[in-house]
Amino acid sequence: MGLELYLDLLSQPSRAVYIFAKKNGIPFELRTVDVIKGQHRSKEFFQINSLQKVPVLKDGDFILTESSAILIYLSCKYQTADHWYPSDLQARARVHEYLGWHADCIRGTFGVPMWVQVLGPLIGVQVPEEKVERNRTAIDWALQWLENKFLGDRLFLAGQQMTLADLMALEELMQPVAVGYELFKGRPRLAAWRERVEAFLGAELCQEAHSFILSILEQAAKKTLPTPPPEVYPTMLLRIARIP
Amino acid sequence: MGLELYLDLLSQPCRAVYIFAKKNGIPFELRIVDLIKGQHLSDAFAQVNPLKKVPALKDGDFTLTESVAILLYLTRKYKVPDYWYPQDLQARARVDEYLAWQHTTLRRSCLRALWHKMMFPVFLGEPVSPQTLAATLAELDVTLQLLEDKFLQNKAFLTGPHISLADLVAITELMHPVGAGCQVFEGRPKLAIWRQRVEAAVGEDLFREAHEVILKAKDFPPADPTIKQKLMPWVLAMIRRLKATMRMMHTETLCRLITAFHFHFG
């Protein structure tokens, strides 16, 4: 059995891994784990990842979780072009510097609008307006730092070339964009960065990776999204409760 | 000017960077940034790191923030022993995996435990409700269990038979609740033995030196009103994430009720 990637294109880090593998022609078996249907909570998937999260990589007997670890593993094993994860000491340090800040300030924060507008309502939960506002402020603050400290007047977040940092960032930003947040309005430098990243990845690949989330509001309105099973409710409620 | 490390040993990631540099004989100028005096909020420090956080590294013109980035930079630049961050693809991936996981889990739990149990009531004179503290300690408990079950398992160290960056980052995190008086290793023999192994590998003198500040944190005199006012906005930014913990505990009860309701009434 070759490389297997356990993913759900609803998930930001899953999309980063998917896009990276596809863009670099890395052969893999896609194992879809539908999180809304609760497939990540199944006994079978527990054997793959006891933390019950996606993405997960399985390479023979070797199982790896955490999207940044997976991306680094893939870039090294498949010897992808240097710019993704540069061998230059300082350039590589910049990628890790971004990923560290991303874990604190982007991850978690940028996923909230999807919970507010789609996933919460799917189980009949309405997130209080005060939390929505607080999240908007947190998003604005993060975007400011993203644009000013990380992008600055560079072409990409960790330098003049596309790296893993840009891929991770783009996929997080796409989450609120998919539910109507105009993140790039009034942020021309960030908008230009996004176009650059998407042009680099290719319109077709972006379309493929983003089509589910970009249609999610429509699907929610038409009630064509799957119904989460009851066993998923506790973790969904917990996630919603964690929204500051 | 050689390598400069801007640190406060009160901070978990600073301790990891400090120990790593010292252990590997990496020459550096220590620049103390005293957090409880608010020195990280000064204009001078903003020149080094506009995000106003420690640790920060300055190597000539090159400035770097984020502890994992700093540790990896030092690892590669100073060609430290392989076991810290192995060349072997899968062994290294295990370290990357831990370093990514801990960021949003153990790191946050340990920080909350320190603040809820000690820094708020003792240093800042701000009361913390018993429910909030209980929820924080419950979360820490869950995270410690994951550390044991998913990462340590039956290995000598977190990612294999040798110490790595993962162990260094983990142990310095765990000393945070220890400094607050939490019995982290009590009732967790596997973790306790692992701690001893890590301390021995690091060197007990160095370990003690790095943890002097956090272990004395309970004796910090209460902050005077000026300092408290200066620090509060920074602390409040942390509170926002910390307050969520309290709701979490109530929600767990709520979840159980909802699940029960759903099963009974369809």
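**Exercise 1. Describe the stretch 88–220 of chain B.**

*Solution.* Start with the geometry: in residues 88–220 of chain B, the end C-alpha atoms are 44 Å apart, and the span is 74% helix and 0% strand. Keep in mind that you are looking at a predicted model. Next, turn to the record: UniProt gives this range of chain B the annotation "domain: GST C-terminal", from an unreviewed entry.

Now take the other annotated part of chain B. In UniProt, residues 1–82 of chain B carry "domain: GST N-terminal", again as an unreviewed entry. Here the chain is 35% helix and 21% strand, with 28 Å between the end C-alpha atoms.

Finish with chain A, where UniProt places "domain: GST C-terminal" (unreviewed entry) at residues 88–224. That span is 72% helix and 0% strand, and its end C-alpha atoms lie 48 Å apart.

**Exercise 2. Are H1(B) and H7(B) parallel or oblique to each other?**

*Solution.* Begin with the packing: the axes of H1(B) and H7(B) are 8 Å apart, at an angle of about 135 degrees. Compare that angle with the cut-off: roughly antiparallel needs an angle over 145 degrees. The two helices, H1(B) and H7(B), are therefore oblique to each other. For the handedness, the crossing of H1(B) and H7(B) is right-handed.

**Exercise 3. Which peptide bond of chain A is cis, with omega near 0 degrees, and where does its proline lie?**

*Solution.* Look at the bond from Val54(A) to Pro55(A), which is cis. Pro55(A) sits in the loop between helix H2 (43–48) and strand S3 (56–59) of chain A. Gln52(A) lies in the loop between H2 and S3 of chain A; although not a glycine, Gln52(A) has a positive phi of about 55 degrees.

Now check chain B. Val54(B) and Pro55(B) are joined by a cis peptide bond, with omega about 0 degrees. Pro55(B) is in the loop between helix H2 (43–48) and strand S3 (56–59) of chain B.

Notes. Residues numbered from 1 in each chain as written. Chains lettered and ligands numbered in written order. Predicted model: local features only at pLDDT ≥ 70, side-chain atom pairs only at ≥ 80, totals over all residues. Heavy atoms only, no water. UniProt positions renumbered as here; feature names shortened; annotations may be inferred. Helix = DSSP H or I, 4+ residues; strand = E, 2+ residues; numbered from the N terminus. Axes fitted to C-alpha atoms, helices over the stretch in contact; angles between N-to-C directions. Parallel < 35°, antiparallel > 145°, perpendicular 65-115°, else oblique. Left-handed = near helix turned anticlockwise from the far one by under 90°.
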